[in-house]
Amino acid sequence: MSLVTSCSTATGAYADFACFYDRYVAHDHYATWVFELLDAAARHGFAGGSALDVGCGTGLSTAPLTERCAAVAACEPVEQMARLAERRLPGVRVHRAPVTELGALGAFDLVLMINDVVNYVPGSELDAAFAQLAANLAPSGVLVFDANTLATYRGIFARTDIRVAGDVLFVWRGRCRPSFGPGERAEATLDAFVGAGPPIRSRHVQFHHPPGRIEAALRRAGLRVTESYADRSAPKHIYIATPEPQKGVRRDQGQEGTEGPADPVHHQGRLIAR
Ligand SMILES: C[S@@+](CC[C@H](N)C(=O)[O-])C[C@H]1O[C@@H](n2cnc3c(N)ncnc32)[C@H](O)[C@@H]1O
């Protein structure tokens, strides 16, 4: 069996699927979604400065950032996706790298990593991923990302879903058991049928990261969860994390103006499904 890395999972899922991606997700309301996340980041001090979109795909999650942030950069490991992002957003620099190998791209006020990205990162690479994200955050920066819940793996990853977009028929086949357990590996295939030819298949290998494991990995990277909540549209956890404050250094907290990060809160009382 070949070694599974976050790079191999990204390539297997998106290299051949890149040209279909926008049609497949056409129903998603990116601007509303990203603006809600920017509002959440604002509660922890983000005031519209620089932003980095990690795992930007074709740039759909990056585009709303360009409307509200002073400067925007992006990062995507799959060349076919990155090229489409560049075409969508000619003014945005799209770096080629997985989250585990970002290098020093900058000290961003906001790092966004949404819509499945961390799910493709094996548990063994979680520490490297968060260390790289932390290294690219300004001392007062805010990291916002989401991670699939067990409900996602027991639901969409355990059933077949058919979708038609124009002349393409998409068939998603989840390969998980409805009893999928915490920390397990999930698999699915997505076939795109165009005309009479054979389908173009992408393979999705994902990893459930239980909240406790995510929080511990963030801590090891010098980050702490300042807010987490369950997204209302899909069973995902949203995490907002900030760098641990240096001793004696104040961190502004957006509208709240308190000293130091707040204890983790569950936004609007929504429960997190573990
Ligand atoms: C569902 S797409 C989301 C793309 C974009 N953020 C959006 O919302 O449309 C997941 C993206 O994660 C990227 N990805 C997967 N593994 C990654 C990794 N290890 N580092 C960075 N990006 C990764 C994939 O290449 C893909 O573009």
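User: At what angle do the axes of helix α6 and helix α8 cross?
Analyst: This is a predicted model: local features need pLDDT of at least 70, side-chain atom pairs count only at pLDDT 80 or more, and totals for chains, interfaces and linings use all residues. Residue numbers start from 1 along each chain as its sequence is written. Helices are DSSP runs of H or I with at least four residues, strands are runs of E with at least two, and both are numbered from the N terminus. The axes (lines fitted to C-alpha atoms, for helices over the stretch in contact, with angles from 0 to 180 degrees between N-to-C directions) of α6 (residues 126-135) and α8 (residues 211-220) come within 8 Å and cross at roughly 50 degrees.

User: Which word describes how α6 and α8 lie to each other?
Analyst: Angles under 35 degrees count as roughly parallel, over 145 as roughly antiparallel, 65 to 115 as roughly perpendicular, and the rest as oblique. The crossing is at roughly 50 degrees. α6 and α8 are therefore oblique.

User: Which residues of α8 make the contact with α6?
Analyst: Residues are in contact if their C-beta atoms, placed from the backbone, lie within 7 Å. α6 brings L126, D127 and F130. From α8 come A217, L218 and R220.

User: Which strands stand at the edges of the open four-stranded sheet?
Analyst: The order is β6-β7-β8-β9, with antiparallel pairing (at least two DSSP bridges between two strands). An edge strand here has a single partner, so one side is left without a neighbour in the sheet. The edge strands are β6 (160-165) and β9 (200-207).

User: Over how many bridges do β7 and β8 pair?
Analyst: F170 stands opposite A192 in β8. Strands β7 (residues 168-174) and β8 (residues 185-194) pair in the antiparallel sense, and the number of bridges is seven.

Note on methods
Two residues are in contact if their C-beta atoms, placed from the backbone, lie within 7 Å.
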